[in-house]
Amino acid sequence: MKHVVVFAHPRSGSFIRQAAGAYVDELEQCGHEVVVRDLYDMGFNPVLSAEEMSGKAPLPEDVQREQKFVRDAHAITFLFPIWWASMPAMLKGYVDRVFSYGFAWEMRGETIEGKLRGRKGMIVTSSAAPMSYLEATGELRAFAVTQDFAIMDVCGIHVVEHLHFDDLGSQTTAERIDEDIHRIRKAAREHF
Ligand SMILES: Cc1cc2nc3c(=O)[nH]c(=O)nc-3n(C[C@H](O)[C@H](O)[C@H](O)COP(=O)(O)O)c2cc1C
C-alpha cells in the first residue's frame, strides 16, 4: 500500500517527530511504500497567494508535486502538535494549498464532493492539555469536527483513527513516551 505521511513540528526532539519516525518505521516494516513530507525540513511555503487562488495561473510546481504524492497514495496521515487548539500554520497552509478546489473537493450543485475518495486517513496529534480539559472545554470535539470531518471527510478520505496524546510536557516520563510510541506502532500495523 502507498502512504503519504505529512508532519509538522520544527523541533528535532519533539514528541511528534518521534511519533512520525516510529509510525513510518512500522509501516515500512509491514511492507508499505511511504513518502514522508517533513514540512519544516522541506521549507514548505504555506502561504496561499491571490494568484494561486484565482485558479487562472498554472499550479506552482511545489503544489503539483505534493498533489501527485496525495493522488498516488492509498493512505494519508497527518501528525502534528495542537497549537492554539488547531494545527500549526505550516500544516494548515499545506492543506490550504495542496487540498485545493478541483483537486481535493468540488461543488456538485449544492453538495460538496470529495475527490480523494477511496483513500484512508489517519491523524496523530499531541497536546499539553490533559484529556479532562479537552473534553470539558469541547476542544476534543472541535478537533474531530475541524480535522477529521472538515478536512479529511469532506475530501472523501475515510479516517480510520485519530490518535490523540494528551498531557505532554517536561514532566512526561520516558516510560509514558514508550507507551505512546507503542500505541502508534500498533495503530500502523492494525489499520493498514
Ligand atoms: C504556539 C504553541 C501553541 C500551543 N497551543 C496549545 C493549545 O492550544 N493546547 C494545548 O494543549 N497545547 C498547546 N501547545 C503545547 C503543544 O501542543 C505541546 O507542546 C506538544 O503537543 C507536545 O510536545 P512536543 O512539542 O514535544 O511535540 C502549544 C504549543 C505551542 C508552541
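Tutor: A residue counts as near a molecule if its C-beta atom, placed from the backbone, lies within 6 Å of that molecule. Around the ligand there are 15 residues, and Ser14, Pro81, Ser126, Ser127 and Ala129 come nearest. The model is predicted, so local features need pLDDT of at least 70 and side-chain atom pairs count only at pLDDT 80 or more, while totals for chains, interfaces and linings use all residues. Residues are numbered from 1 along each chain as its sequence is written.

Now the sheet. Strand β1 covers residues 2-7 (strands are DSSP runs of E, at least two residues, and helices runs of H or I, at least four, numbered from the N terminus). Five of the six residues of β1 are buried (20 or more other C-beta atoms, placed from the backbone, within 10 Å of their own). Strand β2, residues 33-38, runs parallel to β1 and is joined to it by six bridges (strands pair if DSSP finds at least two bridges between them). In this pairing, histidine 3 is opposite valine 34. Strand β3, residues 75-81, also pairs with β1 in the parallel sense, over five bridges. Here valine 5 faces threonine 77 of β3, and phenylalanine 7 stands opposite leucine 79.

The open sheet has five strands with parallel pairing, in the order β2-β1-β3-β6-β7. Because β2 and β7 (158-165) are at the edges with a single partner strand each, one side of each has no neighbour in the sheet. From one strand to the next the twist averages 15 degrees (axes are lines fitted to C-alpha atoms, and angles run from 0 to 180 degrees between N-to-C directions).

How values were computed
A residue is buried if 20 or more other C-beta atoms lie within 10 Å of its own, exposed if 12 or fewer, and partly exposed in between; C-beta atoms are placed from the backbone.
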